[in-house]
Amino acid sequence: MSTPRTLYARSGEIHLAYQVIGDGPRDIVLVLDWASHLEALWEQPFVVEFVSWLNRFARVLWFDMRGVGLSDRVAEKAVAAEEWMEDVGAVMDAAGSERATLIAHGHAAQMALLFAATHPERVDSLLLLNGFARLARADDYPAGMPAEIGDSILGTIEAQWGTGSLATVLAPSVAMRPGVQEWYGKVERYAASPGTALAKMRAVLELDVRNVLPLVAVPTLVVQNRDDRLVHAEHGRYLAQHIEGARLLERDSADHWPLPDPDLLGAIEEFVTGSRSEEEDLDRFLATVLFVDVAGSTEHVSELGDRRWGALLNRFEATVQQELLAHRGELVASAGDGVLATFDGPARAIRCAWHIRDAVRQSGLDVRCGLHTGEVTRRNVGIAGIAVHIGARVSSVAEPGEVLVTRTVRDLVAGSGIAFADRGKHALRGVVDRWALYAASG
């Protein structure tokens, strides 16, 4: 799917950036949490997969909230809640949409709740993803975030905004994949300046729309990840308890981001359409996944400067493409200084990793390589499955210059002449059990 054209809708004196994605028998208005930038988000395959899935059964109207991303900047203190609410209608009007399902994530849930309560005639249904009516704790809202945690988040924004470090809190299951933190740092920088981000977060901590919950009279699904570190599960439970007829779907996940997995995508499709696609729509196959991550990226940028570092990354990407072609690998994702590829044979994957490592060393770079073989699922764009998570975790514990593999890979290449050094058992974050890992030498 190519990046859609960004358009602008007028809401009072404010211009809102929005995109119309595809076509379909119904409309979905999509708003993600406030650290958003429509065009930068399209660079991440799992975001593309999520939106592409929605596009299978609906036309998607996606926009940046006022004050962030490609929409007009505003002084957060001067924004009334009803103005955010009217922004939803402005985008729908600009796109010629009479009625739609609202899918809102995080802080955007507050805006969606206001609109659904005020304009039920324009809302078919409401789906809230890790959202809340109030984020901060109050005497009558113990589910809220304690003041000291809010202050800590504000301090992190002030000190680290633009680095992508918050990805480890917002999406721990994917944050260590090659290039994810670098990509999210770009999203942060494009979404808002540090000062704007601080003002936005302070406004979010002050906003409270609990009074509108009894007035929401449209079908509502509340999706809440139990171990979300930013929006704790009690927020979702409160929403479901105070919206009449709302259904709560709690999921075993620590991610705040709505990452596309079959259960989540299926639940969304069933809620919006009344049924799920057949399992045959999913393409499962056995593959060896290879993660390649340039070691010491931050230090290299500081030492070389953006221009020279960019030239080195271009050479890195060209080397990867050349070696994947030579070893029958398929490039799945490339983001900055990291690569994910798949192979139909583990021996070829190991040899490809060796060649990439040796070639980039001539440019003064070292890479970490991690490999695992298992079943993966191809979904619209990219791949998913536990094998992908394991490969990413193996790469994250590899030493610079090391090609690290799981026992599964080692056993599958027995008799190939490839030698291995035992690196012991490791706990891989987010994966059960301890995994025996081996360095492939050659």
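1. In this predicted model, strand β7, covering residues 220-225, pairs with β8 in the parallel sense, and the pairing extends over 5 bridges. Within this pair, Leu221 is placed opposite Arg247 of β8.

2. Both strands belong to an open sheet of 8 strands, ordered β1-β2-β4-β3-β5-β6-β7-β8, in which the pairing is mixed. The edges are formed by β1 (7-11) and β8 (247-251), each of which pairs on one side only. From one strand to the next, the twist averages 25°.

3. Helix α2 lies across β2 (14-21), β3 (27-31), β4 (59-63), β5 (100-105) and β6 (123-129), and its direction is at about 140° to β4. Helix α4, residues 108-118, lies across β3, β4, β5 and β6, and runs at about 160° to β6.

4. The second largest pocket has a volume of about 620 Å³. It is lined by 36 residues, of which Leu170, Tyr184, Leu230, His256 and Trp257 are the closest to its centre. Two or more lining residues come from each of α2 (45-55), α5 (147-160), α6 (167-170), α7 (180-191) and α8 (194-206). Helix α5 provides the largest share of this lining, with 5 residues.

Technical notes: Residues are numbered from 1 along each chain as its sequence is written. This is a predicted model: local features need pLDDT of at least 70, side-chain atom pairs count only at pLDDT 80 or more; totals for chains, interfaces and linings use all residues. Side-chain values use heavy atoms; hydrogens and water are left out. On a 1 Å grid over the protein atoms alone, a cavity is a set of points where a 1.4 Å probe fits but cannot get out, and a pocket is an open set with protein on both sides within 12 Å along at least five of seven lines; lining residues have an atom within 4 Å of a point. Grid points are joined across faces, edges and corners, and a volume is the space filled by probe spheres set on the points. Helices (H or I, at least four residues) and strands (E, at least two) are DSSP runs, numbered from the N terminus. Two strands pair if DSSP finds at least two bridges between them. Axes are lines fitted to C-alpha atoms, for helices over the stretch in contact, and angles run from 0 to 180 degrees between N-to-C directions. Contact means heavy atoms within 4.5 Å.
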